Every structure is written in structure tokens, then in C-alpha cells.
Amino acid sequence: MKKIIFVALVMFTFATTGYSQTKPVICNPVLPELKVSSRIGIIISSNDPETVWNAFRFGNFAAQEGDSVSVFLLGKGVEAEKITDNAFDVSDMMKSYVSNGGKIFTCGTCLHSRNAGGTELCPISTMGDMYDIVKHSDKLLTF
């Protein structure tokens, strides 16, 4: 009888102090959305107005979402700032992108082959800069 009382007392102690393995786990079914910013790299090698406009439009959206976005202009892409088109205002989209924290890098060799130089909006950069964008980006897009 003493053994039964002792076992019952031990079981009661474990059950009421949290040592019971059958204790229910209370979960919060509504968790707050965790926002994790990404590093996004965009390489633009086109001078098609709609393509370049959409590339910067996406970069602008991602920057507004809090992501770190870097654009590298390569080949025909270095002509982006000079694109004029009635339907796609590339220059305005580029300025908006930079004002939202986006960064633009422009291939110096590609500019040189077009007898052009860098600008405040599109400074001269190197393959080393492009390499860093590719290496350190979580996501990389090409246009």
C-alpha cells in the first residue's frame, strides 16, 4: 500500500510540474511574416527600351521591398541612360531606381568602345565590380 501511494505521488508530481511527456504543446497558429532582405544582382546587356525599362522597374520594386539591388550595365546595356522612347521612359525609371537605394555599375570597356564615358547616374565600373555582384548576390537576373 505504501508503494502504491508513493508511485501515485511521484506520478502526480511529474504530471503537475511539467515533466509529463503527454503535456500538450501550445502553438501560435498565426506567426508574423518574417521579412528577410535579399541581395539581388541584375545584369542588363540590352538596349531595347521595353526590356531595359522592365529590368529597372523590377529593380525599383525590389529596392522598395527592402532588398539590396545592384545593376551592372554591360554591352549594349551601357546605352540605357540615352534610350528615348515614348512608351518606356527608361531614364525616369533609372532615376527612380537610384532614389530608392538601387546602385548602377557601368562597364568601362563597353563605354570606351562607344566613345562614351561614365555619368553621375551610370559611373564607370570594372569586371571586378561585376564579379562582386555575381558572387555576392542571392539572386541574379539577366536582361
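In what order do the strands of the open sheet stand, and is their pairing parallel or antiparallel? In this predicted model, 5 strands form an open sheet in the order β4-β3-β2-β1-β5, and the pairing is parallel. Helices α2 and α5 both figure in the description of how helices lie on this sheet, as set out below.

**The sheet**
- Strands of a sheet pair through backbone hydrogen bonds, in either a parallel or an antiparallel manner.
- The edge strands are β4 (124–125) and β5 (139–142), each of which pairs on one side only.
- Strand β3 (residues 103–107) runs parallel to β4 and is joined to β4 by 2 bridges.
- Within this pair of strands, cysteine 107 stands opposite serine 125 in β4.

**Helices on the sheet**
- Helix α2 lies across β1 (39–44), β2 (68–73), β3 and β5, and runs at about 170° to β1.
- Helix α5 (residues 127–136) lies across β1, β2, β3, β4 and β5, and runs at about 140° to β2.

**The pair α2 and α3**
- Two packed helices are described by the angle and the distance between their axes.
- The axes of α2 (residues 49–64) and α3 (residues 90–99) come within 9 Å and cross at roughly 20°.
- Angles under 35 degrees count as roughly parallel, and α2 and α3 are therefore roughly parallel to each other.
- The crossing of these two helices, α2 and α3, is left-handed.
- On the α2 side, the residues in contact are Pro49, Val52, Trp53, Phe56, Arg57, Gly59 and Asn60; they meet Val90, Met93, Met94, Ser96 and Tyr97 in α3.
- By class, this contact of α2 with α3 comprises 8 nonpolar, 3 polar and 1 charged residues.

Methods: Residues are numbered from 1 along each chain as its sequence is written. This is a predicted model: local features need pLDDT of at least 70, side-chain atom pairs count only at pLDDT 80 or more; totals for chains, interfaces and linings use all residues. Side-chain values use heavy atoms; hydrogens and water are left out. Axes are lines fitted to C-alpha atoms, for helices over the stretch in contact, and angles run from 0 to 180 degrees between N-to-C directions. Helices (H or I, at least four residues) and strands (E, at least two) are DSSP runs, numbered from the N terminus. Angles under 35 degrees count as roughly parallel, over 145 as roughly antiparallel, 65 to 115 as roughly perpendicular and the rest as oblique. A crossing is left-handed if the near helix is turned anticlockwise from the far one by less than a right angle, and right-handed if clockwise. Contact means heavy atoms within 4.5 Å. Ala, Val, Leu, Ile, Met, Phe, Trp, Tyr, Cys and Pro count as nonpolar, Asp, Glu, Lys and Arg as charged, and the others, Gly among them, as polar. Two strands pair if DSSP finds at least two bridges between them.
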